[in-house]
Amino acid sequence: MNIRRVRFDHPDAVKLNDEVQAEYAERYGDDGDATVLGTTDFDPPGGVYLIAYDEHDRPVATGGWRSRDRNDEGNEDGDAELKRMFVIAQMRGRGLARRMLSALEEDARMAGRVRMVLETGTKQPEAIALYSSSGYEPCVKFGYYRHHEESRCFAKKL
């Protein structure tokens with residue numbers, strides 16, 4: 001797996017974002033994640049967006065983090081918010097998500113962030129299992145979906 005830094009508006013990032021949004025829509029019966037994400041939210045030094053490519057240079061996994069500090073959505077100073085973690089269906093079960101998560105955590109740590117936070121949902125048990133087995137613990141809900149019953153928020157000190 002070859003992991004590359006890209007901008008959130010890179011064509012491969014857009015393609016994988018469309019795929020993950022379609023999966024969210026199918027799982028939750030809505031239009032996908034409505035969290036507002038700006039094109040520059042993942043630009044260094046305040047974040048990073050990564051795409052993993054297979055041996056044939058096909059984009060197969062994605063993920064990013066963006067800086068979040070204390071705000072009215074429940075974030076705390078020093079937070080790095082994990083977004084758009086996704087592995088295409090054909091490549092699941094090979095450890096790609098865990099490798100992507102590790103790369104994102106290291107990047108956020110090097111950028112001076114002190115805590116990685118994420119929001120997922122009850123209809124994503126694979127995600128919950130990945131984060132729980134990677135040292136993430138439930139935390140106070142934050143973000144766009146903080147008032148939704150199906151929302152689950154997790155945090156890990158970096």
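Both faces of strand E2 are covered: Gly-47, Tyr-49, Ile-51 and Tyr-53 are buried on one side, and Val-48, Leu-50 and Ala-52 are buried on the other. Here, buried means under 20% relative accessible area, exposed means over 50%, and partly exposed lies in between, using a 1.4 Å probe and protein chains only. This is a predicted model, in which local features need pLDDT of at least 70, side-chain atom pairs count only at pLDDT 80 or more, and totals for chains, interfaces and linings use all residues. Residues are numbered from 1 along each chain as its sequence is written, and side-chain values use heavy atoms, with hydrogens and water left out.

- Helices (H or I, at least four residues) and strands (E, at least two) are DSSP runs, numbered from the N terminus.
- In a regular strand, side chains alternate between the two faces of the sheet.
- Seven of the seven residues of E2 (residues 47–53) are buried, so the rest of the structure largely encloses this strand.
- E2 pairs with strand E1 (residues 2–5) in the antiparallel sense over four bridges; two strands count as paired if DSSP finds at least two bridges between them.
- Within that pairing, Arg-5 has Leu-50 of E2 as its bridge partner.
- E2 also pairs with strand E3 (residues 59–68), again in the antiparallel sense, over seven bridges.
- Look for Ala-52, which stands opposite Ala-61 in E3.
- Five residues lie between E2 and E3 in their hairpin, and Asp-57 in the turn has a positive phi of about 65°.

**The whole sheet**

- Seven strands make up an open sheet with mixed pairing, in the order E1-E2-E3-E4-E5-E7-E6.
- Its edge strands are E1 and strand E6 (137–138), each of which pairs on one side only.
- Strands E5 (residues 115–121) and E7 (residues 151–157) run antiparallel and are joined by seven bridges.
- Val-117 has Ala-155 in E7 as its bridge partner.

**Asp-79 in strand E4**

- Which strand holds Asp-79? Asp-79 is found in E4 (residues 79–87).
- Asp-79 counts as buried because its relative accessibility is 0%.
- The side chains of Asp-79 and Arg-115 are joined by a polar contact of 2.8 Å. A polar contact is a pair of N or O atoms within 3.5 Å; within protein, one must be able to donate a hydrogen and the other to accept it, and residues adjacent in sequence count only if both atoms are side-chain atoms.
- Leaving out residues up to four places away in sequence, Asp-79 touches several residues, including Arg-66, Arg-68, Arg-113 and Val-117; contact means heavy atoms within 4.5 Å.

**Helix H1 and Leu-16**

- Helix H1 (residues 11–28) lies across E2, E3, E4 and E5, and runs at about 85° to E4. Axes are lines fitted to C-alpha atoms, for helices over the stretch in contact, and angles run from 0 to 180 degrees between N-to-C directions.
- Leu-16 is found in H1 and is buried, with a relative accessible area of 0%.
- Although 46 residues separate Leu-16 and Thr-62 in sequence, their C-alpha atoms are 7.1 Å apart in space.
- Not counting residues up to four places away in sequence, Leu-16 touches Ile-51, Pro-59, Val-60, Ala-61, Thr-62, Phe-86 and Ile-88.

**Helices H2 and H3**

- The axes of H2 (residues 96–110) and H3 (residues 125–133) come within 11 Å and cross at roughly 50°.
- Ala-97, Arg-98 and Leu-101 of H2 make the contact with Leu-130, Tyr-131 and Ser-133 of H3.
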